[in-house]
Amino acid sequence: MTAARPVVVVFGGPSAEHDVSVVSGTAIAEALDSTGTPVEQILIDLERRWWTLPRDHRRAGRPAASYDDPPALGATGPEPIGTVVDRLAARPDAPVVFIALHGPYGEDGTIQAVLDATGLAYTGSGVTASALGMDKAIFKRLCRGLGLPVVDWREIRADRWGRDPDGVRAELAAFAASAGDRRLMVKPARLGSSVGMTLVHQPDELSDALATAFAYDDLVLVETYLPGARDLEVAVVGNDPARLAIHGPGEIVSGHEFYDYAAKYTPGLSETSSHAEVDGRQRALLHKLSRDVYRAIGAEGFARIDFLVAGDRVVISEINTIPGFTPISLFPVLAGEGGRSFAEVCRTIVDLAIERHAARPDRTLSASDLPR
């Protein structure tokens, strides 16, 4: 294990997944602290302001909503992002930034670009892979172009919906009729945790479903529904595409008709298993597709790939380049296959960040390097 180097865990953020990120980030910070790693915690509020929590901060069972008032937690700030990252980069013991942000701003390449600009090491994928993984429309186009299996879909932009709602409804009605099941899954294109998702059963539900999704994004995906599908997840860990550790699949048994936000985060409502019952052939296929997807977007560090499996049919649902680290999240359990603890999984991700950063070429140029 790499010698202890300071780690700054960043969580919260201006996303609808803010509360989930708080749970993930505080759990990661406490786990790393238990390994002897010097840990600091930074909370980003919904207005994109950065707050530094006390060194000894522990969530201690607080609800995520208590982080809406950082000063009450003893946090100092707020400060703009530039001030904080410049200060971190200027430290002689420049820390590794553990990005525990879910959704836009944290998982889409935004914060990765800022950290790249200051030369700080950070966990997970870089700018391009993060952006590709977050944007479900681009991701699905990429998969389809590579011949990887995905369910059929349509993309609806907010401006088109505003101009021609009747035309959109007619297109989606025809789309549903052409599928084997008339139900449609409506979701924001660039969000996670099932926020803004609706399973539409009848055409008269479509307008409300689109309005719900457009509240979070100006691009919405409408997917065909795969009846009777199982929700399976695979964890991938590693930087080198030739030496990836692939774990799982695990399985989610939702307490609702689909795995919506409440089903994900209401204790006891859904069930998870880290050992899904699949035969050897299907397990090998899930691992191959996970490797293909991870390589396709250029992911590094770690990711979770979600699948829908109905009988012999396997389709890729999405990739999460910063999966959850909550008490009910499957990724750390799957990645801990073989007896590794939650803390050891977190430490491995930090070590991979250090490895990735060390392998990057020195991009500092002098005048003599320029093609003149």
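**Exercise 1. Characterise the salt bridge between Glu300 and Arg356.**

Solution. The coordinates belong to a predicted model.

Step 1. The side chains of Glu300 and Arg356 form a salt bridge, with an N to O distance of 2.8 Å.

Step 2. The two partners are 56 residues apart and link distant parts of the chain: Glu300 lies in the loop between H10 and strand E14 (301–310), and Arg356 in helix H12 (residues 342–359).

Step 3. Glu300, at 24%, counts as partly exposed. Arg356 has 12% and is therefore buried, since buried means under 20%.

**Exercise 2. Describe how helix H1 packs with H12, and how H7 packs with H8.**

Solution. Step 1. Two packed helices are described by the angle between their axes and the distance between the axes.

Step 1. For helix H1 (residues 18–34) and H12, the angle is about 90° and the axes are 8 Å apart. H1 is therefore roughly perpendicular to H12, because angles of 65 to 115 degrees fall in that class.

Step 2. On the H1 side the contact is made by Ala27, Ile28, Ala31, Leu32 and Ser34; on the H12 side, by Phe342, Ala343, Cys346, Arg347 and Val350. By class, this contact has 8 nonpolar, 1 polar and 1 charged residues.

Step 3. Helix H7 (residues 165–178) and helix H8 (residues 206–214) pack at about 110°, with axes 11 Å apart. H7 is thus roughly perpendicular to H8.

Step 4. Val168, Arg169 and Leu172 of H7 meet Leu206, Ser207 and Leu210 of H8. The classes in this contact are 4 nonpolar, 1 polar and 1 charged residues.

**Exercise 3. Examine the peptide bonds from Gly77 to Pro78 and between Gly248 and Pro249, and the phi angles of Ala60 and Tyr105.**

Solution. Step 1. As a reference, most residues other than glycine have a negative phi, and most peptide bonds are trans.

Step 1. The bond from Gly77 to Pro78 is cis, with omega near 0°; Pro78 belongs to strand E4 (residues 76–79).

Step 2. Gly248 and Pro249 are likewise joined by a cis bond, with omega about 15°. Pro249 is in strand E12 (residues 245–253).

Step 3. Gly248 and Pro249 are also among the contacts of His287, together with Ile246 and His247, when neighbours within four places in sequence are left aside. His287 is located in helix H10 (residues 280–297) and is buried, at 13% relative accessible area.

Step 4. Ala60 has a positive phi of about 50°. Ala60 lies in the loop between strand E3 (50–52) and E4 and is exposed, at 67%.

Step 5. Tyr105 has a positive phi of about 85°. This residue is in the loop between strand E5 (96–99) and helix H3 (110–118), and Tyr105 is buried, at 11%.

Methods:
Residues numbered from 1 in each chain as written. Predicted model: local features only at pLDDT ≥ 70, side-chain atom pairs only at ≥ 80, totals over all residues. Heavy atoms only, no water. Axes fitted to C-alpha atoms, helices over the stretch in contact; angles between N-to-C directions. Helix = DSSP H or I, 4+ residues; strand = E, 2+ residues; numbered from the N terminus. Parallel < 35°, antiparallel > 145°, perpendicular 65-115°, else oblique. Contact = heavy atoms within 4.5 Å. Nonpolar A, V, L, I, M, F, W, Y, C, P; charged D, E, K, R; others polar. Buried < 20%, exposed > 50% of the residue type's maximum accessible area, 1.4 Å probe, protein only. Salt bridge = Lys/Arg side-chain N within 4 Å of Asp/Glu carboxyl O.
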